Amino acid sequence: MKPVNVFPSVETILHCSAWLRKSLVAYCRFFMPQVIRQSNPTRTHDAGTAPRAPAIAITGCLLLMTTVPLRAHTANAVPDIQSVLHAQQDAWNRGDIDGFMNGYARSASTVFISGDEARRGWETVRDRYRQKYFDRTKMGSLTFSETEITLISPDAAVVLGRWRLKRVNDEPHGRFTLIFKLLPEGWRIVHDHTSAASP
(Lines give C-alpha, C1' and ligand atoms only; values in the text may rest on other atoms or scores of the structure.)
Protein backbone atom coordinates (compact mmCIF):
# COMPACT_ATOMS: atom_id res chain seq x y z
CA MET A 1 0.00 0.00 0.00
CA LYS A 2 1.30 3.41 -0.95
CA PRO A 3 1.27 5.91 1.97
CA VAL A 4 -0.86 9.00 1.45
CA ASN A 5 0.33 12.38 2.75
CA VAL A 6 -2.70 14.06 4.32
CA PHE A 7 -0.76 17.17 5.40
CA PRO A 8 -0.16 20.10 3.01
CA SER A 9 3.32 20.68 1.75
CA VAL A 10 5.58 23.40 3.12
CA GLU A 11 5.21 25.35 -0.12
CA THR A 12 1.41 25.30 0.19
CA ILE A 13 1.55 26.51 3.82
CA LEU A 14 3.87 29.40 2.95
CA HIS A 15 1.72 30.38 -0.01
CA CYS A 16 -1.46 30.42 2.12
CA SER A 17 0.15 32.36 4.96
CA ALA A 18 1.41 35.02 2.54
CA TRP A 19 -2.07 35.35 1.03
CA LEU A 20 -3.60 35.63 4.53
CA ARG A 21 -1.17 38.39 5.55
CA LYS A 22 -2.00 40.41 2.43
CA SER A 23 -5.73 39.99 3.02
CA LEU A 24 -5.48 41.14 6.64
CA VAL A 25 -3.44 44.20 5.70
CA ALA A 26 -5.99 45.13 3.03
CA TYR A 27 -8.83 44.62 5.52
CA CYS A 28 -7.20 46.81 8.15
CA ARG A 29 -6.40 49.54 5.65
CA PHE A 30 -10.00 49.55 4.47
CA PHE A 31 -11.63 49.77 7.87
CA MET A 32 -9.16 51.65 10.05
CA PRO A 33 -9.31 55.45 10.03
CA GLN A 34 -6.34 57.09 8.37
CA VAL A 35 -4.10 59.28 10.47
CA ILE A 36 -3.70 62.73 8.97
CA ARG A 37 -0.09 63.83 9.19
CA GLN A 38 1.22 67.27 8.57
CA SER A 39 2.52 67.35 5.05
CA ASN A 40 5.96 68.62 4.18
CA PRO A 41 5.51 72.31 3.27
CA THR A 42 8.16 71.99 0.57
CA ARG A 43 6.44 69.06 -1.07
CA THR A 44 4.33 69.81 -4.10
CA HIS A 45 0.92 68.21 -4.46
CA ASP A 46 0.17 65.82 -7.24
CA ALA A 47 -1.75 67.20 -10.16
CA GLY A 48 -5.48 67.25 -9.50
CA THR A 49 -5.05 66.69 -5.72
CA ALA A 50 -6.22 69.50 -3.46
CA PRO A 51 -4.54 70.10 -0.07
CA ARG A 52 -6.39 68.68 2.93
CA ALA A 53 -5.81 71.61 5.31
CA PRO A 54 -8.71 73.80 4.06
CA ALA A 55 -11.14 70.87 4.27
CA ILE A 56 -10.01 70.09 7.82
CA ALA A 57 -10.31 73.75 8.84
CA ILE A 58 -13.83 74.04 7.40
CA THR A 59 -14.91 70.84 9.15
CA GLY A 60 -13.50 72.12 12.44
CA CYS A 61 -15.38 75.42 12.10
CA LEU A 62 -18.64 73.61 11.39
CA LEU A 63 -18.21 71.43 14.46
CA LEU A 64 -17.40 74.47 16.58
CA MET A 65 -20.50 76.29 15.32
CA THR A 66 -22.73 73.41 16.36
CA THR A 67 -21.18 72.90 19.81
CA VAL A 68 -20.91 76.55 20.95
CA PRO A 69 -24.70 77.15 21.20
CA LEU A 70 -25.09 73.88 23.11
CA ARG A 71 -22.38 74.89 25.58
CA ALA A 72 -24.06 78.28 26.00
CA HIS A 73 -27.38 76.59 26.83
CA THR A 74 -25.64 74.25 29.28
CA ALA A 75 -23.86 77.13 31.01
CA ASN A 76 -27.19 78.93 31.50
CA ALA A 77 -29.18 75.79 32.35
CA VAL A 78 -29.46 76.31 36.12
CA PRO A 79 -30.55 79.98 36.02
CA ASP A 80 -32.89 79.25 33.08
CA ILE A 81 -34.58 76.41 34.96
CA GLN A 82 -34.82 78.54 38.10
CA SER A 83 -36.45 81.24 35.98
CA VAL A 84 -39.10 78.76 34.77
CA LEU A 85 -39.88 77.76 38.37
CA HIS A 86 -40.12 81.39 39.50
CA ALA A 87 -42.44 82.19 36.58
CA GLN A 88 -44.65 79.23 37.54
CA GLN A 89 -44.79 80.35 41.16
CA ASP A 90 -45.67 83.94 40.16
CA ALA A 91 -48.35 82.79 37.69
CA TRP A 92 -49.96 80.54 40.31
CA ASN A 93 -50.03 83.30 42.90
CA ARG A 94 -51.90 85.62 40.54
CA GLY A 95 -54.41 82.86 39.71
CA ASP A 96 -53.10 82.21 36.20
CA ILE A 97 -53.15 78.44 35.65
CA ASP A 98 -52.41 78.79 31.92
CA GLY A 99 -49.35 80.88 32.80
CA PHE A 100 -48.33 78.22 35.32
CA MET A 101 -48.67 75.57 32.59
CA ASN A 102 -46.21 77.44 30.37
CA GLY A 103 -43.50 75.71 32.39
CA TYR A 104 -44.56 72.33 30.96
CA ALA A 105 -43.78 70.96 27.50
CA ARG A 106 -46.84 71.30 25.27
CA SER A 107 -46.71 67.67 24.29
CA ALA A 108 -48.92 64.60 24.44
CA SER A 109 -46.03 62.79 26.16
CA THR A 110 -45.81 65.18 29.13
CA VAL A 111 -46.40 63.19 32.31
CA PHE A 112 -47.84 64.25 35.67
CA ILE A 113 -47.89 61.74 38.55
CA SER A 114 -49.61 62.37 41.86
CA GLY A 115 -50.61 59.75 44.38
CA ASP A 116 -51.50 56.60 42.47
CA GLU A 117 -52.48 58.37 39.23
CA ALA A 118 -50.45 59.15 36.12
CA ARG A 119 -51.78 61.65 33.60
CA ARG A 120 -50.32 62.18 30.15
CA GLY A 121 -50.54 65.16 27.85
CA TRP A 122 -50.22 68.91 28.44
CA GLU A 123 -53.96 69.55 28.10
CA THR A 124 -54.80 66.67 30.48
CA VAL A 125 -52.47 68.12 33.13
CA ARG A 126 -53.94 71.61 32.66
CA ASP A 127 -57.50 70.26 32.99
CA ARG A 128 -56.52 68.47 36.18
CA TYR A 129 -55.23 71.73 37.70
CA ARG A 130 -58.33 73.61 36.60
CA GLN A 131 -60.58 70.98 38.14
CA LYS A 132 -58.78 70.76 41.46
CA TYR A 133 -57.99 74.46 41.87
CA PHE A 134 -61.10 76.13 40.47
CA ASP A 135 -60.85 79.39 42.48
CA ARG A 136 -58.31 81.57 44.29
CA THR A 137 -59.26 80.19 47.69
CA LYS A 138 -58.31 76.69 46.56
CA MET A 139 -55.13 77.88 44.88
CA GLY A 140 -53.83 79.81 47.87
CA SER A 141 -50.25 81.11 47.77
CA LEU A 142 -47.59 78.79 46.33
CA THR A 143 -43.98 78.60 47.46
CA PHE A 144 -41.19 76.44 46.02
CA SER A 145 -38.18 75.83 48.26
CA GLU A 146 -35.07 73.68 48.69
CA THR A 147 -34.76 73.23 44.93
CA GLU A 148 -31.82 71.14 43.74
CA ILE A 149 -31.01 71.18 40.02
CA THR A 150 -28.84 68.42 38.58
CA LEU A 151 -27.85 68.33 34.92
CA ILE A 152 -27.83 64.76 33.60
CA SER A 153 -26.96 65.74 30.01
CA PRO A 154 -26.58 68.97 28.01
CA ASP A 155 -30.34 68.96 27.31
CA ALA A 156 -31.85 67.29 30.40
CA ALA A 157 -32.00 68.01 34.13
CA VAL A 158 -33.60 66.63 37.28
CA VAL A 159 -35.05 69.06 39.83
CA LEU A 160 -35.92 68.14 43.41
CA GLY A 161 -37.77 70.49 45.72
CA ARG A 162 -40.54 71.26 48.17
CA TRP A 163 -43.89 72.91 47.52
CA ARG A 164 -46.28 74.57 49.97
CA LEU A 165 -49.70 76.15 49.57
CA LYS A 166 -50.71 78.72 52.15
CA ARG A 167 -54.49 78.88 52.32
CA VAL A 168 -57.02 80.26 54.77
CA ASN A 169 -57.78 76.97 56.50
CA ASP A 170 -54.76 74.79 55.78
CA GLU A 171 -51.22 74.59 54.41
CA PRO A 172 -50.78 71.48 52.25
CA HIS A 173 -47.20 70.74 51.34
CA GLY A 174 -44.96 68.04 49.92
CA ARG A 175 -42.12 67.27 47.54
CA PHE A 176 -41.66 67.13 43.80
CA THR A 177 -39.31 65.58 41.27
CA LEU A 178 -39.23 67.21 37.86
CA ILE A 179 -37.47 66.22 34.65
CA PHE A 180 -36.66 69.20 32.44
CA LYS A 181 -35.74 68.96 28.76
CA LEU A 182 -34.15 71.67 26.64
CA LEU A 183 -36.63 72.26 23.80
CA PRO A 184 -36.61 74.87 21.00
CA GLU A 185 -38.74 77.13 23.24
CA GLY A 186 -36.38 76.68 26.20
CA TRP A 187 -36.27 74.46 29.30
CA ARG A 188 -39.61 72.78 29.96
CA ILE A 189 -40.97 70.12 32.34
CA VAL A 190 -41.65 66.80 30.61
CA HIS A 191 -42.18 64.70 33.75
CA ASP A 192 -43.64 65.83 37.08
CA HIS A 193 -43.91 63.55 40.11
CA THR A 194 -45.50 65.44 43.00
CA SER A 195 -46.38 63.99 46.40
CA ALA A 196 -48.23 65.51 49.35
CA ALA A 197 -47.20 65.06 52.96
CA SER A 198 -49.67 63.49 55.36
CA PRO A 199 -51.95 66.10 57.01
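Colleague: Is Asp170 buried, partly exposed or exposed, and what is its relative accessible area?

Modeller: In this predicted model, the side chain of Asp170 forms a salt bridge with that of Arg167, at 2.9 Å from N to O. Arg167 is partly exposed, at 22% relative accessible area. Buried requires a value under 20% and exposed one over 50%, so Asp170 is partly exposed, with a relative accessible area of 34%.

Colleague: How many residues apart in sequence are the parts that the pair Asp155 and Lys181 ties together?

Modeller: The side chains of Asp155 and Lys181 meet in a salt bridge of 3.4 Å, N to O. Asp155 belongs to the loop between β3 and β4, whereas Lys181 belongs to strand β5, so the parts tied together are separated in sequence by 26 residues.

Colleague: Which element gives the most to the largest nonpolar core?

Modeller: The largest nonpolar core comprises 29 residues, and Phe100, Tyr129 and Phe180 have the most contacts inside it. At least two residues come from each of α3, α4, α5, β3, β4, β5 and β6. With six residues, the element that gives the most to this core is α3.

Colleague: With which residues is Phe100 in contact, leaving aside its neighbours within four places in sequence?

Modeller: Phe100 is one of the residues with the most contacts inside the largest nonpolar core. Once neighbours within four places in sequence are left aside, its contacts are Gln88, Ala91, Trp92, Tyr129, Leu142 and Phe144.

Methods:
Residues are numbered from 1 along each chain as its sequence is written. This is a predicted model: local features need pLDDT of at least 70, side-chain atom pairs count only at pLDDT 80 or more; totals for chains, interfaces and linings use all residues. Side-chain values use heavy atoms; hydrogens and water are left out. A nonpolar core is a set of buried Ala, Val, Leu, Ile, Met, Phe, Trp, Tyr and Cys residues joined through side-chain atoms within 4.5 Å. Buried means under 20% relative accessible area, exposed over 50%, partly exposed in between (1.4 Å probe, protein chains only). Helices (H or I, at least four residues) and strands (E, at least two) are DSSP runs, numbered from the N terminus. Contact means heavy atoms within 4.5 Å. A salt bridge is a side-chain nitrogen of Lys or Arg within 4 Å of a carboxyl oxygen of Asp or Glu.
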